[in-house]
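Q: Hey, I'm new to this one. Can you walk me through a few bits of it?
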Amino acid sequence: MKNLDFQQFIGSFSFDGRLAEADIAGSIAHVQMLVKCKIIKQSEGGKIVSGLHSILNSLKKGWKLPKEEDIHFAIEKELIRRIGSVGGKMHTARSRNDQVATDLRIYVRQKTDECIDLINEFQRIILKKAESNIDVIMSGFTHLQPAQPVSAAHHLLAYAWMLERDKERLSDCRKRANVLPLGSAALAGTSFKIDRHFAAKLLDFDSVCENSMDGVSDRDFAIEFVFCMSMIALHLTKFCEEIILWMNPEFSYVTIADKFTSGSSIMPQKRNPDCAEVIRGKSGRIFGDLIAMLTIVKSLPLAYNRDLQEDKPPVFDAVDNVKMCLEVMNEMISTLKFAKENALKSTEKGFMEATEIADYLARKNVPFREAHGVVGKIVLYCKEKSKTLGKLTLDEFNRFYPEKYPIFGSDIYKYIDLKHIADMKTSYGGTSRKSVLKQISVLKSILK
């Protein structure tokens with residue numbers, strides 16, 4: 001304990017360096033506002049802004065700031081070193097409390113836009129795959145049990161719509177992130193005659209925080225952002241789980257490029273879906289970031305508390321991992337190929353024609369619940385006789401509904417053709433070719 005560096009313990013320089021660009025942007029706008037309000041001289045403001053630009057240019061060239069307690073002090077100290085004591089006027093009418101809150105909002109806003117771009121790219125890849133696999137018929141599942149045949153395109157498009165909701169959440173979160181706390185100072189505002197709305201305009205913020213105490217302590221936007229990251233991770237892990245299942249020889253629905261798999265150290269025949277598994281695993285880490293954020297702000301009294309410097313690592317970790325996962329998914333799904341015959345053959349298992357037979361009876365005025373019971377008996381008969389529904393004779397079908405014998409006609413075989421079953425689902429949002437093409441059209445329109 002004697003060698004413990006308390007400044008290092010309470011500092012944040014080890015992780016908040018990535019806020020440097022946002023910090024400089026916020027400082028430039030703040031100084032320009034101070035000049036506009038005649039709080040500092042124009043010549044002083046010009047010198048400070050030039051000094052900040054020189055620091056930013058150095059950083060972009062790979063130069064590292066000397067270590068300080070945090071990135072904000074590091075930039076201010078370097079500014080004073082470069083331009084002299086006038087650099088100290090940069091901090092007039094603000095506090096580190098509103099400064100760091102502004103930096104984090106700028107960062108979240110930027111990363112939100114980057115994630116939306118990656119999701120747009122992912123959706124375009126899914127659309128391309130859907131268009132090329134409209135005619136691939138595969139098993140759809142509930143409870144991971146064979147349920148009804150669906151178009152592979154329809155299945156893929158389900159993820160495009162999940163991603164669309166992710167974009168909507170991010171866009172909505174961005175609105176709440178894009179509110180400027182700068183000018184709230186430590187917690188009570190400032191006695192200097194500043195113009196917060198002018199600073200907001202310079203930094204492209206939509207509005208300013210209405211309450212200075214809320215302005216410096218609010219981290220709702222950051223929690224919401226990490227929640228958005230968690231939802232994206234949730235959807236990616238679902239998709240990866242299905243890829244893992246579909247690649248299994250028991251399914252053999254799809255293949256992906258070898259570079260997204262790895263071999264076994266002992267079993268030479270194996271190709272393991274490692275990238276999909278890593279993405280699936282990273283979701284737990286990202287969910288942990290959300291729990292960390294909620295726990296950090298839990299029960300904090302107003303206004304700023306030092307606990308809040310721990311808000312940044314979960315934000316950084318969540319967005320880093322989500323962006324990386326999206327980039328890998330975009331490449332991996334680009335290589336996804338369906339085995340059409342294997343996918344279709346899978347639909348022969350599990351009596352997936354059963355619902356269509358019940359609907360067939362319902363169209364002949366049999367109450368659906370009664371029809372459901374009749375088909376259940378037919379399926380049990382097939383299991384006893386080791387038959388599929390498509391192999392039953394008309395006499396076998398009709399023995400289960402003697403009240404209106406013969407209710408089953410030869411058209412029943414058309415209704416239980418597996419490709420036809422999928423294409424009959426013409427309701428809006430269904431799996432028919434027509435409905436899938438409509439979905440593709442709508443998504444293309446959204447992505448424009």
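Q: Let's start with Gln8: buried or exposed?
A: Gln8 is exposed, with a relative accessible area of 51%. Exposed means over 50%, buried under 20%, and partly exposed in between, using a 1.4 Å probe and protein chains only.

Q: Where does Gln8 sit?
A: Gln8 is in helix H1, residues 6-10. Helices are DSSP runs of H or I with at least four residues, numbered from the N terminus.

Q: What should I know about the model itself?
A: This is a predicted model, where local features need pLDDT of at least 70 and side-chain atom pairs count only at pLDDT 80 or more, while totals for chains, interfaces and linings use all residues. Residues are numbered from 1 along each chain as its sequence is written, and side-chain values use heavy atoms, leaving out hydrogens and water.

Q: New topic: how many disulfides?
A: The count is zero, taking a disulfide as a pair of cysteine sulfur atoms within 2.5 Å. Cys37, for one, is in no disulfide, and its nearest cysteine sulfur, in Cys209, is 18 Å away.

Note on methods. Helices (H or I, at least four residues) and strands (E, at least two) are DSSP runs, numbered from the N terminus.
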